[in-house]
Amino acid sequence: PVDSISQVIFIFLLLMVPLAVRAKVLDFTAPRIINPVLDTGLQVGLFAYYKWILVIIGAIIAVGLLLYKMGAEKYRLRPFYLNAPLLLLVLLILASVMAAEYKSVALFGLYNQRDGALLLLAYLGLCLAAANTVYKPWFKRGVDMALLVFIAINTIIMLLDFTGHKLLQADIIRVILAPGGLRNQLAGNIGNTLGNVNYISGLAAALFAYFAAGALLHENIKKQLMAATAALAAFIMVLLSFSSSGFVTLVILAPLFLMVLWRSGNRRRGLIAGGGLLTGCLLVFVLLNSFNPNIYRETVGIILPQATNIQEMSAPPTEAVAPPASQFQLPRPGWSPGTGRTYIWSETLDLTMMRPWLGYGCGTLAYYFPQDDINKAANLKDYNRLITKPHSMYMGFAFGLGIPALLTLLTLLGLHFCKTGRRLWTMRLGAQHTLMVSLFLFFCAFVIQALFNDPVADAGAMFWILLGAAAALNQEEVQPSPDAII
């Protein structure tokens, strides 16, 4: 019964955390004055607070159930490959908080991000609890439904935004998103429930990988079609995000899809399903790109050069008239590679090398990044752009927790990749392995997109819960067959 309760909690978190969007007025104390957005006073957070609360409460309950199982049922923690890295990460996180200059931010994070040490500890607690749970066959159905609901809601929101519908103008949306006193202050538009195009792009790529495994391996045609439809909807989310990170992730992940087909017990069926899914993705791409050519520029356009107008190619060059030199010249606005990421990574790496052992504390980059650097406009297009995150999970670990914590994280991820990959390679994959393959592809896609994106409360919780579940499945001798369930 304890394991069943834990599984319900994990499914509930997978369903509700990414959808918990609501405005909250928070009393924020800034350690330094750098920008009105981060000043001391009452601030409004929309996408982070309630997600953070759910993750913290869910982690407390899950770890409490694990402790109860250890005490009342004499359960012993499984001696598996994640234990030592998880313990070391906990110790390094606590040490980093103790050494941080701005401890409140390091512990709780910024009011609109909540990416402090408490959230990381909750992630690790959820991972440990999930790794020490014995899963029933219905767990996969619950996970699938939770992820399907998330995909359906965000696909609808993104399609409405793509076609010009302003959701914040609808009264029902204002009631859902904000209490009475804040509804009239809502401005702009809401494009997804994660609050950022980069985050939704990366997570959508991981969800595409998750459901693509079902489309390739399921033998039940109904389940195969459902998985293919979910994967196609996730691909639509990647396109409509107008962010390159998700598409780049899928391109890098392509060899793993081919390996799943190669190890499949029914290659002919898998090839037909894979071909159908690829055709569907191409049709969707052509259709959406016909409405907005920016989709090509943010996906295929970053790999293949765009066509050049013939007249432009043959036009004779004209001499540029140089403006008179002034005594003081600012750099010309522009972007460094990766929409400014290489500039942010370079500056963050320089800061990290000044405090390599325990870092500066989670979520504190805004107070150390050279916000007034004269070269900022040349790399980020605008001097007024405020940098609060390093735009890479790995760079964030190194800056916030130190290089030892980053190496520990990479060890943990590497151990899971090798353990799971080696086990899957020795199998002739069939429908009974769908959950294991889905979790593995989700894991691989997430760690790839984390090169370009930061972990946020919702996507991070999904990753660590599913990582723990995948580790638990690696310990089992026989995988439960989802196709055995009616």
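This is a predicted model: local features need pLDDT of at least 70, side-chain atom pairs count only at pLDDT 80 or more; totals for chains, interfaces and linings use all residues.
Helix 16 supplies the largest share of the lining of the largest cavity, contributing six residues. In total, six cavities of 30 Å³ or more were found. The largest cavity holds about 260 Å³ of space. Its lining is made up of 21 residues, of which Asp115, Cys362, Gly363, Gly396 and Pro455 come closest to the centre. Two elements give two or more residues to this lining, namely helix 5 (117-131) and helix 16 (393-401). Sorted by class, the residues around the largest cavity comprise 11 nonpolar, seven polar and three charged ones.

Attention then turns to a single aromatic residue, tryptophan 425. This residue lies in helix 17, which spans residues 403-425. Tryptophan 425 has a relative accessible area of 44%, and it is therefore classed as partly exposed, since that class covers values between the 20% limit for buried residues and the 50% limit for exposed ones. Leaving aside residues up to four places away in sequence, tryptophan 425 is in contact with Met259, Trp262 and Arg263. For a view across the chain, tryptophan 425 can also be set against valine 8: the two are 417 residues apart in sequence, and their C-alpha atoms are 31 Å apart in space.

Note on methods: Residues are numbered from 1 along each chain as its sequence is written. Side-chain values use heavy atoms; hydrogens and water are left out. Helices (H or I, at least four residues) and strands (E, at least two) are DSSP runs, numbered from the N terminus. Buried means under 20% relative accessible area, exposed over 50%, partly exposed in between (1.4 Å probe, protein chains only). Contact means heavy atoms within 4.5 Å. On a 1 Å grid over the protein atoms alone, a cavity is a set of points where a 1.4 Å probe fits but cannot get out, and a pocket is an open set with protein on both sides within 12 Å along at least five of seven lines; lining residues have an atom within 4 Å of a point. Grid points are joined across faces, edges and corners, and a volume is the space filled by probe spheres set on the points. Ala, Val, Leu, Ile, Met, Phe, Trp, Tyr, Cys and Pro count as nonpolar, Asp, Glu, Lys and Arg as charged, and the others, Gly among them, as polar.
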